[in-house]
Amino acid sequence: MPFLPGALGMVLARLFGFGALGCLYGGRLMNLLVYTLLCYAALRSAKKCRPAFLAVMLLPMSLYMGASLSYDAALLACYYLMLALLTCPEWDSRTAAVYTAACVFANGTKPYINLLWVVLPLVVVRRGEWKARLNRAWYTVGTLAGALLLTQIVEQYGTLLRHNYGTIARQGGSTVNGGAQLLFVLKNPLRYIAVLLGTLYENDGFLGQLGLFGWKDMPVAFLNLTGPMVLLAAALLCAPKTNALGRRRNGWLSVFAAVYAVGAMTAMYITYTPVGMVRIVGLQTRYFLPVWLLLAVGVAALIRRALKPALTAERGEALALPLCGWYAFAGAVLLFQHYFIGPVYVIYQ
């Protein structure tokens, strides 16, 4: 299920007679098509802060994942779509159904941590803003049931598919023990807080790694340096008063961003890191892309209160397209150069 779009692209490539390389690019192109369509739906659905959505969607990191064979292509786009729907002033049955579909897919793709998205409409959307046929409680229960059902289907299918394969070990091997690690965290909460803060410090808060492609194999220094500045510029373009989400929504979304970030880090610590290790293993910048989107929205609220800019929402959106579009183009050129030619300092050696 998580790899369905890429698999469909590979099938189409085979039907047209392409070999292994053609299948590889067929899968990547289909993933990119799905990513593009879902991002388009998110931009159409977003009623506020569109420059921030556009900036995160067009970050070189987002485009890199969107055009990969990873399930993150559709997953990241589902995150952006769900956050866009949460900017709608009212929720009808169609809005609720689209959010449910995206949320269920996200849980089937990356289980358990994404259950946080199930309860988000319950706390963000006011009762008076809810116009769907089902009330919010029944809607939340239905979304939760669908998410858990798809999670179990995917897990059972994966178990059957890997029946004749050997054990797929974690990077840390036998030193990874989820139960023992969880017990360690509960017994040493202050030590674990130090591990969280130390991991963020070592990785520049993951905000300084937006030019890191793959896991840790290929950093592009220019994109690492300019990525946060582009997000800040997008936040400035979201500062017009008409783009305000409201104190209540901003507050709940900020809480969600913090809980989601800590939850993702804790999940990797428990399931992927040797017991008692001083840093969290396996964290990647792409996990935090929806958090950076919410960060840009939150910064826009602070700028709005502090500076009271005269920029209109329409003018901000008009400026966002060339800013984010040219940054995406520069990232694509640099990515191509680093992969197929080499960094500048290698060329001139």
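Author: Start with burial. A residue counts as buried when its relative accessible area is under 20%, and as exposed when over 50%. Partly exposed lies in between. Keep in mind that this is a predicted model.

Reader: Is threonine 143 buried or exposed?

Author: Threonine 143 is buried, because its relative accessible area is 0%. Its place is in helix α8, residues 136-161.

Reader: What does the side chain of threonine 143 have beside a polar atom?

Author: Look for a backbone partner. The backbone oxygen of tyrosine 139 is 2.9 Å from a polar atom of the threonine 143 side chain.

Reader: Now the core. What is the general idea?

Author: In soluble globular proteins, nonpolar side chains tend to be buried together. Here, the largest nonpolar core has 91 residues. Tyr80, Trp91, Tyr99 and Trp117 have the most contacts inside it. Helix α5, residues 72-85, gives the most to this core, with 12 residues.

Reader: Which residues does tyrosine 99 touch?

Author: Again, leave out residues up to four places away in sequence. Tyrosine 99 touches Met82, Leu85, Leu86, Trp91, Trp117, Leu120, Pro121 and Tyr139.

Reader: Which residues form a nonpolar patch on the surface?

Author: Leu21, Leu24, Tyr25, Leu29, Phe336, Tyr339, Phe340 and Ile341 form the patch. Together they have about 870 Å² of accessible area. Next, ask which elements supply it. Helices α2 (20-45) and α14 (313-340) each supply at least two residues. The largest share, 4 residues, comes from α2.

Reader: One last residue. Where is arginine 50?

Author: Arginine 50 is in helix α3, residues 50-57. At 29% relative accessibility, arginine 50 is partly exposed.

Reader: What does arginine 50 touch?

Author: Beyond residues up to four places away in sequence, arginine 50 touches Leu43, Arg44 and Glu317. A polar atom of the arginine 50 side chain lies 3.3 Å from the backbone oxygen of leucine 43.

Reader: How far apart in space are arginine 50 and cysteine 78?

Author: They are 16 Å apart, C-alpha to C-alpha. In sequence, 28 residues separate arginine 50 and cysteine 78.

Methods. Residues numbered from 1 in each chain as written. Predicted model: local features only at pLDDT ≥ 70, side-chain atom pairs only at ≥ 80, totals over all residues. Heavy atoms only, no water. Buried < 20%, exposed > 50% of the residue type's maximum accessible area, 1.4 Å probe, protein only. Polar contact = N/O pair within 3.5 Å; in protein donor to acceptor, adjacent residues only side chain to side chain. Patch = residues over 30% accessible without salt bridge, like charges linked within 9 Å, V, L, I, M, F, W, Y side chains within 5 Å. Areas by Shrake-Rupley, 256 points an atom, 1.4 Å probe, with all protein chains shown as cover. Salt bridge = Lys/Arg side-chain N within 4 Å of Asp/Glu carboxyl O. Core = buried A, V, L, I, M, F, W, Y, C linked by side-chain atoms within 4.5 Å. Contact = heavy atoms within 4.5 Å.
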